[in-house]
Amino acid sequence: MSNDQELSKIERFFTSLLFGHRKAVLVLFAVLSVFFAWQATKLRPDASFQKMVPVTHPYIANYLKYENELRPLGNVLRIAVQNKNGSIYEAEFLETLRQITDEVFYIPGVDRGNLSSIWTPNVMWRQVTEEGLRMGPVIGQGFQGTPEQIEQVRSNVEKSGRIGSLVANDEKSAIILAPLLEVDPETGEKLSYGKLSERIEKVVRDKYQNDKVSIHITGFAKVVGDLIEGAKDIAGFFVITFVLTVILLFWYSRCWKSTAATIFCCSLAVIWHLGFVSMLGFGLDPYSILVPFLTFAIGVSHAIQNVRTMAAERFHGATKMDAAKATFHLLFIPGTVALLADAVGFSTLLVIEIGVIRELAISASIGVGVIIFTKMFLLPVLMSYADVTPSGLRQVAKQEGGDHKVSHALSRLTEKKVALAATAVAGGILAISMVLSSGLKIGDLDPGAPELRPDSRYNQDVKFLVSNYSTSSDVFVVMVETPEGECGAYPVASAVDRFQWEMENVEGVEGSASLFTVMKNIIAALNGGNPKWLSITRDRFISNGAHKNIPTALYNAKCSMTPVILFLADHKAETLKRVTDKVEAFAAENNSDDAKFILAAGNSGIEAATNIVVEQAQKTMLVLVYTIIGLLVWWEFKSFRVMLAIMIPLFITEVLCKVIMVQLNLGIKVATLPVIALGVGIGVDYGIYIYNRLESFLAKGLNFKQAYFETLRTTGVAVALTAVTLALGVFTWAFSAIKFQADMGMLLAFMFLWNMVGAIILIPALIRVLAMGAVTKRFGPSVVKGLN
């Protein structure tokens with residue numbers, strides 16, 4: 001049996017099922033909708049550290065192996081407390097700092113054993129005296145804030161070596177370092193960054209910030225918390241999108257019944273989608289919270305074809321039942337194939353081994369799946385009851401009776417000379433765009449948190465820390481594995497010392513620190529402070545003696561791993577690549593049984609791993625999305641050349657999108673990579689609908705030009721409105737406080753609109769240039785009859 005016969009059999013089956021049992025279908029959809037709505041109420045915000053990073057990458061696997069030991073260097077909140085009117089050496093300010101330190105200590109999720117500030121006992125001062133090496137906490141017990149005690153604190157801070165790290169260079173602010181646990185010890189559940197951020201704001205910033213004291217908070221958890229807070233505005237954007245979509249759809253159809261049925265079905269798709277996501281155990285994070293927008297916009301954009309076809313059938317005399325059946329017949333196959341192409345575009349994101357992107361891919365694919373049911377099955381049944389209003393029929397009459405000047409002009413693209421010219425222009429645009437897009441980079445290109453806007457409070461806090469502290473918040477950690485108990489041995493010390501010297505000469509590395517940085521200072525201190533002793537030693541007794549005074553954060557309990565901390569000027573992609581390349585080159589040349597250098601931890605090390613995964617995944621993802629969607633188009637239209645004519649405009653749009661990213665100074669990263677897959681997956685819909693309708697007119701014996709004119713006259717406006725609806729659905733994101741959501745909205749809006757333009761202009765031209773032989777062979781010589 002041929003494919004066409006199989007498809008006809010499937011269409012007949014579903015027609016009989018849907019329209020022969022309409023009431024049962026409506027009851028079934030009502031029951032399922034109540035169930036999914038109940039499930040949707042269980043959705044909660046969900047954003048964890050491990051979801052945001054590529055946990056399968058070797059760098060991250062190495063970090064997770066030593067996660068407990070490296071916690072003070074990994075997921076850390078930095079809370080800077082500034083005295084606006086003086087220095088930190090004032091009794092009132094020091095008391096405020098103590099209170100804030102205590103507040104942070106009791107926040108659920110903070111690793112209390114590794115909390116650091118000048119008030120915690122793990123922050124020590126050291127001094128070489130005639131009696132030997134003396135040390136103690138920066139602020140000792142019994143501190144009452146007397147002038148003498150405050151002067152002692154000033155002296156202790158200077159002796160601690162923490163100016164520039166825990167205390168600002170101008171000594172007007174001090175930092176509280178709060179490492180975080182992944183599991184909330186009070187609940188046993190994953191730490192909620194949204195709740196943590198709210199708690200920090202409430203008990204620290206809101207409580208203590210005033211005319212005298214300012215609070216500045218940075219760290220991964222705070223970024224995610226601010227993203228979650230900013231994402232709350234999405235509900236408002238959805239309402240705006242909903243209202244604008246209703247207005248646009250009614251303006252196009254002039255039929256309130258069609259508009260209501262369409263909006264109802266697409267809203268139902270969002271509810272089903274959220275219910276499915278909840279059943280899978282997913283939550284809403286700043287990325288996946290955008291997917292319901294896409295579900296709604298895709299549903300409406302596809303339903304526009306139903307609205308137009310149903311109205312046209314009724315206008316030409318069909319009963320409302322026959323019109324509903326005809327609409328289902330005409331759109332079931334192309335609509336389903338187009339939606340499957342959407343799902344394929346989303347599912348290719350699964351190759352990106354980052355939790356939030358994989359959940360986005362699954363969530364978006366589910367959204368498309370439910371659209372197939374609500375739009376393909378439920379909407380035609382509802383329309384068989386609702387019918388088309390008289391004003392809707394008058395609108396069809398107006399559309400049918402128009403002069404269609406634009407359609408006549410565009411139909412000239414089927415003429416050989418015009419087609420060749422359009423193809424040549426498209427080729428020129430593609431060539432120029434490929435040159436301009438060659439400057440596209442991987443990763444972040446801006447300082448601070450590029451996910452947030454430059455003027456956001458978080459990025460202003462980052463600027464404060466960068467301008468007032470010597471120690472960068474962009475930390476890249478290299479782990480040095482050694483035999484058990486040998487982390488302080490001379491062979492390790494020698495290798496690490498050479499490594500630090502080489503890395504400090506790499507552009508973008510501002511400094512480094514390790515166990516041996518401290519050890520050299522202690523050895524010198526134990527020898528009267530003589531700078532001749534400021535070096536590593538072969539003498540095991542000397543190194544062991546020094547080792548006793550080194551903070552345990554610089555080696556693990558078994559003394560089988562010691563971290564080397566690199567402080568970077570920024571976390572831009574080129575900086576991270578230079579550092580990782582140098583570290584890997586050093587490791588390849590110097591790794592031995594005594595010391596093995598492995599990457600990577602610290603916020604910059606984790607971001608370097610993310611960049612690598614994104615760079616590798618983008619190529620695989622693009623190959624998959626074009627291959628699978630291309631196969632779907634080929635299967636639908638049975639022609640490789642037709643498939644090329646439909647796919648080439650998508651490729652041109654993708655390259656143009658990359659040019660825009662270069663101009664906007666956006667890199668390919670976790671936030672922008674999904675845009676390409678989404679744009680290609682959804683963009684192919686236009687080509688499928690246009691060529692499917694074109695074939696229906698060619699089958700009636702019209703030549704290519706006449707058939708394309710009729711396609712534009714009947715479907716072209718609907719396709720254009722589809723693009724506008726999709727673009728409208730995502731463009732409202734541009735006003736989000738979250739920059740990456742705004743970037744995604746602008747890029748997707750461009751891709752949806754430009755894919756439509758490319759489909760309408762290039763598909764007929766490319767078919768004339770590439771596929772006329774295949775089209776003529778299928779539909780006979782009438783295709784070229786009278787054609788220039």
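This is a predicted model: local features need pLDDT of at least 70, side-chain atom pairs count only at pLDDT 80 or more; totals for chains, interfaces and linings use all residues.
Residues are numbered from 1 along each chain as its sequence is written, and side-chain values rest on heavy atoms, with hydrogens and water left out. Local features need a pLDDT of at least 70, side-chain atom pairs count only at pLDDT 80 or more, and totals for chains, interfaces and linings use all residues.

Helices (H or I, at least four residues) and strands (E, at least two) are DSSP runs numbered from the N terminus, and two strands are taken as paired if DSSP finds at least two bridges between them.

Strand β1 (residues 76–83) is joined to β4 by seven bridges, in which Ala-80 has Ile-175 as its bridge partner and Ile-79 has Ile-176. Six bridges join β1 to β5, again in the antiparallel sense, and Val-81 stands opposite Ile-215 of β5.

Burial is judged by relative accessible area, with buried meaning under 20%, exposed over 50% and partly exposed in between (1.4 Å probe, protein chains only). On this scale six of the seven residues of β4 are buried, and in β5 six of six are buried. Both faces of β5 are covered, with Val-213, Ile-215 and Ile-217 buried on one side and Ser-214, His-216 and Thr-218 buried on the other.

## The four-stranded sheet

A further open sheet, of four strands, has the order β7-β8-β6-β9 with antiparallel pairing. Its edge strands are β7 (509–513) and β9 (596–601), each of which pairs on one side only, and neighbouring strands are turned against each other by 25 degrees on average, direction ignored. Strand β6 (residues 475–481) pairs with β9 over five bridges in the antiparallel sense, and Val-478 stands opposite Leu-599 in β9. Helix α3 (residues 58–65) packs on the sheet, touching β6 and β9, and its direction makes about 95 degrees with that of β9. Helix α18 (residues 490–503) also packs on the sheet, touching β6, β7, β8 (561–568) and β9, and its direction makes about 10 degrees with that of β8.

## Backbone features

Most residues other than glycine have a negative phi, and most peptide bonds are trans. A cis peptide bond joins Leu-599 and Ala-600, with omega about -5 degrees, and Ala-600 lies in strand β9. Glu-171, which is not a glycine, has a positive phi of about 55 degrees; Glu-171 lies in the loop between α6 (147–160) and β4 and is buried, at a relative accessible area of 18%. Asn-665 likewise has a positive phi, of about 60 degrees, and is placed in the loop between α23 (640–663) and α24 (673–698), where Asn-665 counts as partly exposed at 37%.

## Salt bridges and a surface patch

A salt bridge is a side-chain nitrogen of Lys or Arg within 4 Å of a carboxyl oxygen of Asp or Glu, and a search of the whole structure finds 21 of them. The table lists some of these pairs.

| Pair | N to O distance |
|---|---|
| Lys-207 and Glu-103 | 2.5 Å |
| Arg-412 and Glu-415 | 3.3 Å |
| Glu-695 and Arg-778 | 2.9 Å |

Lys-207 lies in helix α7 (residues 193–208) and Glu-103 in helix α5 (residues 91–105), so the pair ties together parts that are 104 residues apart in sequence. Glu-695 is buried at 11% relative accessibility, whereas Arg-778 is partly exposed at 42%. Glu-201, Arg-205, Lys-222, Asp-226, Arg-457 and Asp-461 are linked in a network of salt bridges.

Technical notes. Axes are lines fitted to C-alpha atoms, for helices over the stretch in contact, and angles run from 0 to 180 degrees between N-to-C directions. Contact means heavy atoms within 4.5 Å.
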